[in-house]
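Hi,

Here is the model I said I would pass on. Have a look at it first, and my notes follow below.

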Amino acid sequence: MPGPRTRHAHATETRELILTTAERLFAEHGVAAVSNRQISEAAGQANNFAVGYHFGTKTDLVAAIVRRHAPEIERRRVDLLKAIQRSEALRDWLGCLVLPSTEHLASLGNPSWYARFIAQATTDPALRQIVIDETSASPSMRAVSEGLMRLMPVLPADVIAERADMSRHLIVHVCAERERALQEGTTTPRATWEGAAVGLIDALAGLWQAPFTPTR
């Protein structure tokens, strides 16, 4: 009979397998289109209730996938913040938004599914805010936001909110499209994830420094 340590190792292995499988299926088909039963079957689990047993609801599973990647992305952002200190260059701070994700995606190799998973999850009305909260509430992200606000042009609050939303969409979906193209072997606008990050930073710098037109 297996001991407690063996059972714990087996449970950990099962959880990791379920997370990997769910991330791929959600990325390929969308969160709403994939059931817990399908994830269990694809992960080779004889028990069709394995996902619920290990994670609870589908919402809990989505949050667990985000949290699986979050520490590495957070570590990269903390390192970048230490490197730029009190930089007055807007591009340095925009880099803290972009580079932690693009560097993490590069480290995953090809194929990867995390960028497409995030794109799918943030377009699901039931999950959007949960994913945004999980990815934006860290201390490093708050520090980046404060640094950016210090260097941004003076803009009305509603314009800032609008451009922040645009920025998030741009980063999420450019990364997702690149990840998809890499897996399919089709041409990408930039040869590397490093190049893709440069393009994103260029676009974000233009977005935030663009003039705004008041409307009624």
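**A glutamate and two backbone nitrogens**

A polar atom of the Glu179 side chain sits 3.2 Å from the backbone nitrogen of Tyr114. The backbone nitrogen of Ala115 is also 3.2 Å from a polar atom of that Glu179 side chain. (A polar contact here is a pair of N or O atoms within 3.5 Å; within protein, one must be able to donate a hydrogen and the other to accept it, and residues adjacent in sequence count only if both atoms are side-chain atoms.)

Before going on, the ground rules: this is a predicted model, local features need pLDDT of at least 70, side-chain atom pairs count only at pLDDT 80 or more, and totals for chains, interfaces and linings use all residues. Residues are numbered from 1 along each chain as its sequence is written, and side-chain values use heavy atoms, with hydrogens and water left out.

Back to Glu179, which belongs to helix α9; helices are DSSP runs (H or I, at least four residues) and strands likewise (E, at least two), numbered from the N terminus. Glu179 counts as buried because its relative accessible area is 2% (buried is under 20%, exposed over 50%, partly exposed in between, with a 1.4 Å probe and protein chains only). Beyond four places in sequence, Glu179 is in contact (heavy atoms within 4.5 Å) with Leu105, Ser112, Trp113, Tyr114, Ala115, Arg116 and Trp193.

**Core**

The largest nonpolar core has 58 residues. By that I mean a set of buried Ala, Val, Leu, Ile, Met, Phe, Trp, Tyr and Cys residues joined through side-chain atoms within 4.5 Å. Phe26, Ile39, Leu61, Leu94 and Phe117 have the most contacts inside it. Helices that each supply at least two of its residues include α1 (4-29), α4 (58-84), α5 (90-108) and α9 (157-184). Phe26 touches Ile39, Leu61 and Phe117, among others, and also Lys58 and Gln120.

The largest pocket has a volume of about 900 Å³. Of its 34 lining residues, Leu97, Thr135, Ser136, Met141 and Arg168 are the closest to the centre. Helix α9 gives the most to this lining, with eight residues. By class the lining has 20 nonpolar, eight polar and six charged residues. (Ala, Val, Leu, Ile, Met, Phe, Trp, Tyr, Cys and Pro count as nonpolar, Asp, Glu, Lys and Arg as charged, and the others, Gly among them, as polar.)

The second largest pocket has a volume of about 170 Å³. Val174, Arg178, Pro189, Arg190 and Ala196 lie nearest its centre, out of 13 lining residues. Here too α9 has the largest share, five residues.

On method: with a 1 Å grid over the protein atoms alone, a pocket is an open set of points where a 1.4 Å probe fits, with protein on both sides within 12 Å along at least five of seven lines, and lining residues have an atom within 4 Å of a point. Points are joined across faces, edges and corners, and a volume is the space filled by probe spheres set on them.

**Loops**

The Asn110 to Pro111 peptide bond is cis, with omega near 10°, and Pro111 is in the loop between α5 and α6. Gln85, in the loop between α4 and α5, is not a glycine but has a positive phi of about 50°. Gln85 is exposed, at 53% relative accessible area.

Best wishes
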